[in-house]
Amino acid sequence: VFKNCPIIYSDNDLDMAVLEFPKKGRIFKSSFRIINAVQPDGAEVWSAGFPGLLGKPGWQFSKGNVTNEKAWIKEMADPKLTYLIQHSASIDPGNSGGPLLIKDKKR
(Lines give C-alpha, C1' and ligand atoms only; values in the text may rest on other atoms or scores of the structure.)
Protein backbone atom coordinates (compact mmCIF):
# COMPACT_ATOMS: atom_id res chain seq x y z
CA VAL A 1 0.00 0.00 0.00
CA PHE A 2 1.30 3.40 -1.00
CA LYS A 3 0.51 6.39 1.21
CA ASN A 4 0.90 10.12 0.67
CA CYS A 5 1.70 9.87 -3.05
CA PRO A 6 1.84 13.41 -4.41
CA ILE A 7 -0.56 14.40 -7.18
CA ILE A 8 1.59 15.67 -10.05
CA TYR A 9 -1.30 16.47 -12.41
CA SER A 10 -5.08 16.64 -12.17
CA ASP A 11 -7.87 17.73 -14.47
CA ASN A 12 -11.39 18.08 -13.08
CA ASP A 13 -12.91 18.37 -16.56
CA LEU A 14 -11.41 15.04 -17.63
CA ASP A 15 -11.90 13.44 -14.16
CA MET A 16 -8.25 12.37 -14.11
CA ALA A 17 -5.23 12.54 -11.81
CA VAL A 18 -1.61 11.36 -12.12
CA LEU A 19 0.19 10.29 -8.94
CA GLU A 20 3.91 9.97 -8.27
CA PHE A 21 4.95 6.71 -6.60
CA PRO A 22 8.03 6.24 -4.40
CA LYS A 23 11.30 5.73 -6.28
CA LYS A 24 12.19 2.31 -4.87
CA GLY A 25 13.29 0.54 -8.03
CA ARG A 26 10.62 -1.26 -9.99
CA ILE A 27 7.58 -1.31 -7.72
CA PHE A 28 5.10 -2.87 -10.17
CA LYS A 29 5.46 -6.14 -12.10
CA SER A 30 3.40 -4.77 -14.97
CA SER A 31 1.53 -1.63 -15.90
CA PHE A 32 -1.09 -0.21 -18.23
CA ARG A 33 0.09 1.30 -21.48
CA ILE A 34 -1.61 4.58 -22.32
CA ILE A 35 -2.56 4.85 -25.96
CA ASN A 36 -4.17 7.62 -27.94
CA ALA A 37 -5.22 5.56 -30.97
CA VAL A 38 -8.90 5.71 -31.86
CA GLN A 39 -10.69 2.46 -31.12
CA PRO A 40 -13.18 1.60 -33.85
CA ASP A 41 -16.91 1.27 -33.28
CA GLY A 42 -17.62 -2.24 -32.02
CA ALA A 43 -14.23 -2.73 -30.30
CA GLU A 44 -14.44 -4.51 -26.93
CA VAL A 45 -13.65 -2.32 -23.92
CA TRP A 46 -13.72 -2.76 -20.16
CA SER A 47 -14.38 -0.17 -17.47
CA ALA A 48 -12.63 -0.59 -14.14
CA GLY A 49 -13.16 1.19 -10.87
CA PHE A 50 -13.77 1.05 -7.16
CA PRO A 51 -17.28 2.43 -6.60
CA GLY A 52 -18.36 0.25 -3.68
CA LEU A 53 -21.85 -0.86 -2.75
CA LEU A 54 -23.98 0.58 0.04
CA GLY A 55 -21.06 2.66 1.27
CA LYS A 56 -18.62 -0.27 1.39
CA PRO A 57 -15.60 -0.17 -0.96
CA GLY A 58 -15.63 -2.76 -3.71
CA TRP A 59 -13.95 -3.46 -7.03
CA GLN A 60 -15.98 -3.36 -10.26
CA PHE A 61 -15.07 -4.50 -13.77
CA SER A 62 -17.52 -4.26 -16.69
CA LYS A 63 -17.37 -5.24 -20.37
CA GLY A 64 -18.90 -3.35 -23.30
CA ASN A 65 -18.23 -2.08 -26.81
CA VAL A 66 -17.32 1.23 -28.39
CA THR A 67 -20.57 2.68 -29.73
CA ASN A 68 -19.18 5.99 -31.06
CA GLU A 69 -15.43 6.21 -31.54
CA LYS A 70 -15.30 10.02 -31.61
CA ALA A 71 -18.28 11.51 -29.84
CA TRP A 72 -18.24 15.26 -29.48
CA ILE A 73 -20.37 17.33 -27.14
CA LYS A 74 -19.47 21.02 -27.32
CA GLU A 75 -20.40 21.62 -23.66
CA MET A 76 -18.15 18.77 -22.41
CA ALA A 77 -14.96 18.92 -24.49
CA ASP A 78 -13.13 21.19 -26.90
CA PRO A 79 -12.83 19.19 -30.16
CA LYS A 80 -9.44 20.83 -30.80
CA LEU A 81 -8.11 19.23 -27.61
CA THR A 82 -9.96 15.96 -27.14
CA TYR A 83 -12.93 13.82 -28.03
CA LEU A 84 -15.11 11.42 -26.08
CA ILE A 85 -15.32 7.65 -26.53
CA GLN A 86 -18.93 6.55 -26.17
CA HIS A 87 -19.23 2.94 -25.00
CA SER A 88 -21.66 0.48 -23.43
CA ALA A 89 -19.46 -0.71 -20.51
CA SER A 90 -21.17 0.10 -17.21
CA ILE A 91 -20.01 3.21 -15.34
CA ASP A 92 -21.40 3.69 -11.85
CA PRO A 93 -20.96 6.56 -9.38
CA GLY A 94 -17.53 6.17 -7.80
CA ASN A 95 -15.74 4.52 -10.73
CA SER A 96 -16.22 7.22 -13.35
CA GLY A 97 -12.55 8.19 -13.05
CA GLY A 98 -11.30 4.65 -13.61
CA PRO A 99 -9.59 3.55 -16.82
CA LEU A 100 -11.28 2.39 -19.99
CA LEU A 101 -9.28 -0.67 -21.03
CA ILE A 102 -8.74 -2.48 -24.33
CA LYS A 103 -7.02 -5.79 -25.08
CA ASP A 104 -3.28 -5.49 -25.68
CA LYS A 105 -2.84 -7.03 -29.13
CA LYS A 106 0.87 -7.64 -28.42
CA ARG A 107 0.15 -10.15 -25.64
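Student: Before we start, what should I keep in mind about numbering and the model?
Tutor: Residues are numbered from 1 along each chain as its sequence is written. It's a predicted model, where local features need pLDDT of at least 70 and side-chain atom pairs count only at pLDDT 80 or more, while totals for chains, interfaces and linings use all residues, and side-chain values use heavy atoms, with hydrogens and water left out.

Student: Okay, how many helices and strands does the protein chain have?
Tutor: The count is 0 helices and 6 strands, so from the N terminus you read β-β-β-β-β-β. Those are DSSP runs numbered from the N terminus: helices are H or I with at least four residues, strands are E with at least two.

Student: What share of the residues is buried?
Tutor: 17% of the 107 residues. Buried means under 20% relative accessible area, exposed means over 50%, and partly exposed is in between, with a 1.4 Å probe and protein chains only.

Student: Which residues make the nonpolar surface patch?
Tutor: Phe-2, Ile-7, Leu-19, Phe-21 and Phe-28, covering about 450 Å². Patch residues have over 30% relative accessible area and no salt bridge; like charges are joined within 9 Å, and nonpolar side chains (Val, Leu, Ile, Met, Phe, Trp, Tyr) within 5 Å.

Student: Where does Phe-2 sit?
Tutor: In the segment before β1, which spans 7-11. Phe-2 counts as partly exposed, at 39% relative accessibility.

Student: Switching to the sheet. What's the strand order?
Tutor: It's an open sheet of 4 strands, ordered β5-β4-β3-β6, with antiparallel pairing. β5 (84-87) and β6 (100-101) stand at the edges with a single partner strand each, so one side of each has no neighbour in the sheet. Two strands pair here if DSSP finds at least two bridges between them.

Student: How many bridges per pair?
Tutor: β3 and β4 are joined by 6 bridges, β4 and β5 by 3, and β3 and β6 by 2.

Student: Which residues are bridge partners?
Tutor: Among them, Trp-46 has Leu-101 in β6 as its partner, Gly-49 has Gln-60 in β4, and Val-66 has His-87 in β5.

Student: Which way do side chains point in a strand?
Tutor: In a regular strand they alternate between the two faces of the sheet.

Student: How many salt bridges are there?
Tutor: 1. Lys-63 pairs with Glu-44, and the closest N and O atoms are 3.1 Å apart. Lys-63 is in β4 (residues 60-71) and Glu-44 in β3 (residues 44-49), so the pair ties together parts 19 residues apart in sequence. The cut-off is a side-chain nitrogen of Lys or Arg within 4 Å of a carboxyl oxygen of Asp or Glu.

Student: Are those two buried or exposed?
Tutor: Lys-63 counts as exposed, at 51% relative accessibility, whereas Glu-44 is partly exposed with 39%.

Student: What does Ser-47 touch?
Tutor: Not counting residues up to four places away in sequence, its contacts include Phe-61, Ala-89, Ile-91 and Pro-99. Contact means heavy atoms within 4.5 Å.

Student: Ala-89 came up there. Where is Ala-89 found?
Tutor: In the loop between β5 and β6. Ala-89 is buried, with a relative accessible area of 5%, and beyond four places in sequence it touches residues including Val-45, Ser-47 and Lys-63.

Student: Last one: what is Leu-84 in contact with?
Tutor: Leaving aside neighbours within four places in sequence, Leu-84 contacts Asn-68, Glu-69, Lys-70, Ala-71, Ile-73, Met-76 and Ala-77. Leu-84 lies in β5 and counts as partly exposed, at 25% relative accessibility.

Conventions:
Accessible areas come from the Shrake-Rupley method with a 1.4 Å probe; for residues, only the protein chains shown count as cover.
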